[in-house]
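Please take a moment with the sequence and the model shown here. The paragraphs that follow lead through the overall build, then the contacts between parts, and then selected local features.

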Amino acid sequence: MRKLKELIIEKVILICGLASIFFVVLIFLFLLKEGLAVFKIVSPFKFLFGKSWYPISEPPQLGILPLVLGSLLVTVGAVIISIPIGVGCAIYIAEIAPLKIKEALKTGIELLTAIPSVVLGFIGMVTLVPLAKNIFHIPTGLTALSGSIMLAFMAMPTIVSIAEDALYSVPKTYKEGALALGATHWQAIWRVMLPAASSGILAAVMLGIGRVIGETMAVMMITGNAAVIPSSILAPVRTLTATIAAEMGEAVVGSEHYFALFAIGIVLFVISFAINVTADLFLHKRQ
Amino acid sequence: MVIKFNIENLNIWFGSIHALKQVSVGVQANEILSIIGPSNSGKTTFLRMLNRLNDLSQNFKMNGSVKLEQEDIRNIDTELLRKKVGMVFALPLPLPLSIFDNVAYGVRMHDRKNKKILGEIVEASLKEAYLWEEVKDRLNESAFKLSGGQQQRLCIARTLAIEPEVILFDEPCSGLDPISTAKVEDAMVKLKQKYTIVLVTNNVKQAARVGDRTAFFLNGELIELDKTDKMFTAPLDKRTDGYIRGKFG
């Protein structure tokens, strides 16, 4: 009787385990099936590097280069803003802050993760967008820069908490060794702590990027959604994610437009997958 | 006898724990002062006081005075103090750099020197630590490729490279095999001609082998401090006798 019970529980757990893999495979296959159909209409090269995205004109022009560049510009901007602030914050929390401030900061950063992205987008829309418009004297504040700043806020918690973990797990003896040689606190951080934690910090950055590139709602609200190749960081852009979210509702099922949106999904999937794998590699190198 | 370190009525607390009680010691120049005692006797705390590493701990409090050549160490710039008072830790702790860069690390940090002088300093330091012959052909290899004993001597060389006056050894042989231990001990004995050495050790026999004088700590108190020969043949205190004979600790 007990053996039977064991057996049943084992099988149930097995099914749970398999289910997660099963769903992932199913989703992936569906994505491939729907997405790859677009390549009957346009060549993969033209799809990836085509300069215009007019999915409902006749005949449709399905080039996603403007969208890819839009995503790239917003992401790179967000990364440039969030890495120095995020890593700096992590160093402060791990090394410098007194215990009380440390606790407060950590809680604050966790709270930052808890803000829904649509709320962040909304706040960005009413504060950041008019500000950008007034500072740079441009016709609209809905720009790649606004999106980058907003996304930097969303990437920060990930970067800070993982980088702080990495710094914290550097053996204390490393730091003491450097200090005993007469290093100043900053010299010990810069030359010993940071290099020793580098793989963890890189993983933190990669995961932050992953979060940014997959983000949809906030960017859709504040980047202006113009599917043209951006001329500068102060121009409106449209990202891959925003395109899918904005157009999927209107696309006729089975149309070229519909397939093209799924193909964008594949591109996004490949990018996120690559980023996650890289982050994983760095994390495992640490252990 | 020149007194290098003069410690008077030193008390140290970590939070509510009274780690050192009314300790007074004079460390003489060019001697090896061994410090023995069971765990939690305060010997490492005493050592870490001399280069102010205790300051890193939260809730650290002290009173009394610690003077390096008549000057209170709290009035000396911390980085300068740690340059003058080098430290070798229990576990060999090479930095993730090449052998050469490990030794040059501290020198580069304090002031920039040209390549030739730097090379000379590295060579001289490695020779002093009795490591040069073993590594001279592979200075650019990673320091992690060295054996444990070699790594420990590398750490000694690294400390020597910044030209300290005093070297603190914190159980430097606890992770080493007997042969490596013997090499490190040889290095220490030669080094005392130029440097003053304070050695904390869990190995009573090591104290007997290399120490000129030996101090016995118990529960944060200095029980006895005397010439090593005398201490190991005719200790004054019964507790010292018991510890040396291995009756407790």
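Of the 287 residues of chain A, 41% count as buried, a residue being buried if 20 or more other C-beta atoms lie within 10 Å of its own, exposed if 12 or fewer, and partly exposed in between, with C-beta atoms placed from the backbone. This is a predicted model, in which local features need pLDDT of at least 70 and side-chain atom pairs count only at pLDDT 80 or more, while totals for chains, interfaces and linings use all residues. Residues are numbered from 1 along each chain as its sequence is written, and chains are lettered from A and ligands numbered from 1 in the order in which they are written.

Chain A has 12 helices and two strands, where helices (H or I, at least four residues) and strands (E, at least two) are DSSP runs numbered from the N terminus. Read from the N terminus on, the elements of chain A follow the order α-α-β-β-α-α-α-α-α-α-α-α-α-α. Along the principal axes, the C-alpha atoms of chain A fill a box of roughly 75 × 75 × 35 Å. Among contacts in chain A between residues at least 6 apart in sequence, 72% join residues at least 24 apart; two residues are in contact if their C-beta atoms, placed from the backbone, lie within 7 Å.

Chain A is divided into domain 1 (2-40) and domain 2 (53-286), with bounds that come from an automatic or database domain assignment. Taken over C-alpha atoms, the centres of domain 1 of chain A and domain 2 of chain A are separated by 30 Å. To their contact, domain 1 of chain A brings six residues and domain 2 of chain A brings nine residues. On the side of domain 1 of chain A that touches domain 2 of chain A, there are four nonpolar residues, one polar and one charged, where Ala, Val, Leu, Ile, Met, Phe, Trp, Tyr, Cys and Pro count as nonpolar, Asp, Glu, Lys and Arg as charged, and the others, Gly among them, as polar.

How does chain B meet chain A, and how many residues of each are in contact? The contact joins 18 residues of chain B to 14 residues of chain A. On the chain B side, α2 (78-84), β6 (85-88) and α3 (99-110) each supply at least two residues, and α3(B) gives the most, with four residues. By class, this side of chain B has 10 nonpolar, four polar and four charged residues.

Helix α3(B) also packs on helix α6 (residues 148-161) of chain B, at an angle of about 35 degrees and with the axes 7 Å apart; the axes are lines fitted to C-alpha atoms, for helices over the stretch in contact, and angles run from 0 to 180 degrees between N-to-C directions. Among the residues that make this contact are B:V103 and B:V107 of α3(B) and B:L154 and B:A157 of α6(B). By class, the contact of α3(B) with α6(B) has eight nonpolar, two polar and one charged residues.

Chain B also holds an open sheet of four strands in the order β2-β1-β4-β5, with antiparallel pairing; two strands pair if DSSP finds at least two bridges between them. Its edge strands are β2 (17-28) and β5 (71-72) of chain B, each of which pairs on one side only. Strand β1 (residues 3-14) of chain B runs antiparallel to β2(B) and is joined to it by eight bridges, and B:I7 has B:V25 in β2(B) as its bridge partner.

Another strand of chain B is β9 (residues 213-218), in which six of the six residues are buried, so β9(B) is largely enclosed by the rest of the structure. In a regular strand the side chains alternate between the two faces of the sheet. In β9(B), B:R213, B:A215 and B:F217 point one way and B:T214, B:F216 and B:L218 the other way. Strand β3 (residues 32-36) of chain B runs parallel to β9(B), with four bridges between them, whereas strand β10 (residues 221-227) of chain B pairs with β9(B) in the antiparallel sense over six bridges. The hairpin of β9(B) and β10(B) has two residues between the strands, and there B:N219 takes a positive phi near 50 degrees.
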